Amino acid sequence: MSHIGIVRGESNINYFEFSINPEEIVEFGEYVVTRNKKGEMVIGTVRDIMERNFLLQSSRDNYLSLEMDIKQYGESLKECEELIATVKVLGKLRENGEKIDILPNRVPIPPGERVYFLDSEILKKLYNAEGCIDIGTLINREEVPVGLKVNDLISRHFSVLAVTGAGKSNAISVIVSKLVENYNGTVVILDPHGDYIKLKLPKTGYEKVNIIEAKINPNDMDYEELADLIGIKKEASIQRGFLAKALETVKYERSVGGRELIERVMEKLEDWVNIRTINYYDPNKKIMKDEEISANDAETIRRAVMRIKRFLRNYGSLLSGEDLIGKIEEGKVNVIDLGALNEEQMRIVGGRLLKEIFEERVSYEKILKNLERFKFTKVPIREEMEKELERIRERSKALTKPILVIVEEAHIFAPRDEENDASLILSKIAREGRKFGVGLGIVSQRPNKLNEDILSQTNTKIILRIVNPRDQRYVLEASEQLSEDLLRDIPSLGKGEAVIVGQAISLPALVKIYNFKELGGDYGGGDIDIIERWGEEEEEEVEIDEL
């Protein structure tokens, strides 16, 4: 194997330069190998390439003098050219049969050492260990598939970050299709904009895709959640107070749910305005009470009623007593279509769904451990545990196994410097989910608008093109694995290309993610074809005119 260059100048344990063999083509991002001072094989990636010419490097050069030099030296100019590559050391290489280990390099690379291309077979072993899903290929080596370790990807969480149109939905579609079709994984996607409602997997089509329309279930909501849902502002404390009393009273008087619950609360408030007296249930003392209300209070209640009427007019069709958890199916991609809701409602519905998924998984795993711990204890204790396990199984068989939750447009649910129920449960899943088999994937086109604590807990980051400097810096600060030199690659990435760093990948890599549609799948997302739409309208108008 011929060498591609010779180490030159100064070097250390992290970086070295080499002069490129004029007969070889070396590209940015290429993988190379050389030896350190102890003779150990060291691998690295080319992070910069500079070309210079000894005959044209005088500080006194200007355009005219360069023209004269070119004429004077002619063909001999090429003999004085030098290409210099700067390499970042990734570590020293240790092969153990089929297994490849990369260990820290602690010895510098001596000048004069030959540099070679790293063999693609080594890279294949490095990036495709057992228990991986391959999601693309190395940008510089199309023959080398890049795999992500499933256990680390899910249990240690991941994020997909990029500007709009850079390929986030494509990347997510590739990942979930591999998890579901290769490993029978259960995935839940919170989908605010309907990007996945037409999802079709490459091998199984629609068979393993479950589209769930996000209905609003007010049955288990407290008055604060209900007030947020209806649109009563937090500072409207008197309106919220009357709403709380009406809600407790309706729940006490009769068992209702879904739209009927909201309608009964509205009717109760209207009755109070008409009779100028509120007769409400006090849950603390467990008694009914009567109080007269003032004209101001009556007007406050009317405003609450108006908000409820507006809410029922706009969103009444989405109210339901159905259990979303019960609709999640095992071994499928479960797409929760939130498109009909506004952002506040998305946070409420999404936050409650995530909370229930997490709590049920925690209960299930704890009971399993306790059953093993108390296998020789009294029968009644075990019977109670078995009943609880059976309740969870009946509610959703999917929650008896690990589950991955992917949150699209995560900055909606967990905005920076803002706390809500959705962000609180996402933060809890990010911290504790791995112990109970709840994985988290967050997707965002505005990283600097995203909760920093949650972003920093995602230990694998798939970063497609990001051009906003504030987004770039924010991602760097929230990632231990992302370095300044890799950050510089991000703005220049093409569509579908990504920098991937973290625990799920053996080494940081520049990856061309597979085109999901070329794999045989579809997700229906993408930009609207403006010209085509305009053309359709013109055709329709022509047809009408002809009639």
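Start with the salt bridges: this predicted model holds 36 of them.

**Stop 1: Lys245 and Glu291.** Select lysine 245 and glutamate 291. Their side chains meet in a salt bridge, 4.0 Å from N to O. Lysine 245 belongs to helix H7 and glutamate 291 to strand S14 (residues 287–292), so the bridge ties together parts 46 residues apart in sequence. Lysine 245 is partly exposed, with a relative accessible area of 26%. Glutamate 291 is also partly exposed, at 32%.

The charged end of lysine 245 sits over the ring of tyrosine 280, 4.7 Å from the ring centre.

**Stop 2: the aromatic pair from helix H7.** Aromatic pairs number 6 in the structure. Select tyrosine 252 and tyrosine 281 for one of them. This pair is stacked: the centres are 3.9 Å apart, with 5° between the planes. Tyrosine 252 lies in helix H7 (residues 237–253) and tyrosine 281 in strand S13 (residues 277–282), so the pair links parts 29 residues apart in sequence. Tyrosine 281 is buried, at 12%.

**Stop 3: Phe358 and Phe436.** Now select phenylalanine 358 and phenylalanine 436. Their ring centres are 6.1 Å apart and their planes stand at 90°, so the pair is edge-to-face. Phenylalanine 358 comes from helix H11 (residues 343–373), while phenylalanine 436 sits in the loop between helix H14 (421–432) and strand S17 (438–444), so this contact ties together parts 78 residues apart in sequence. Both phenylalanine 358 and phenylalanine 436 are buried.

Stop 4: Arginine 395 lies in helix H12 (residues 379–395) and glutamate 360 in helix H11, so the bridge joins parts 35 residues apart in sequence. At 22% relative accessibility, arginine 395 is partly exposed. Glutamate 360 is buried, at 6%.

Stop 5: Select arginine 302 and glutamate 299. Their salt bridge brings the closest N and O atoms to 3.3 Å. Both residues lie in helix H9 (residues 295–315), 3 residues apart, about one turn of the helix. Arginine 302 is partly exposed, at 36% relative accessibility. Glutamate 299 is partly exposed too, with a relative accessible area of 37%.

**Stop 6: His411.** Select histidine 411, in helix H13 (residues 410–413). Histidine 411 is buried, with a relative accessible area of 18%.

**Stop 7: Lys517.** Select lysine 517 and tyrosine 523. Here the charged end of lysine 517 sits over the ring of tyrosine 523, 5.4 Å from the ring centre.

**Stop 8: a nonpolar patch.** Finish on the surface with Phe28, Ile49 and Leu83. These residues form a nonpolar patch, with about 210 Å² of accessible area together. Zoom in on leucine 83, which is found in strand S5 (residues 81–96). Leucine 83 is partly exposed, with a relative accessible area of 31%.

Note on methods: Residues are numbered from 1 along each chain as its sequence is written. This is a predicted model: local features need pLDDT of at least 70, side-chain atom pairs count only at pLDDT 80 or more; totals for chains, interfaces and linings use all residues. Side-chain values use heavy atoms; hydrogens and water are left out. Rings of Phe, Tyr and Trp (its six-membered ring) pair if their centres lie within 6.5 Å; planes under 30 degrees apart count as stacked, over 60 as edge-to-face and the rest as tilted. Helices (H or I, at least four residues) and strands (E, at least two) are DSSP runs, numbered from the N terminus. Buried means under 20% relative accessible area, exposed over 50%, partly exposed in between (1.4 Å probe, protein chains only). A charge sits over a ring if NZ of Lys or CZ of Arg is within 6 Å of the ring centre and within 35 degrees of the ring normal. Patches are made of residues with over 30% relative accessible area and no salt bridge: like charges are joined within 9 Å, nonpolar side chains (Val, Leu, Ile, Met, Phe, Trp, Tyr) within 5 Å. Accessible areas come from the Shrake-Rupley method with a 1.4 Å probe; for residues, only the protein chains shown count as cover.
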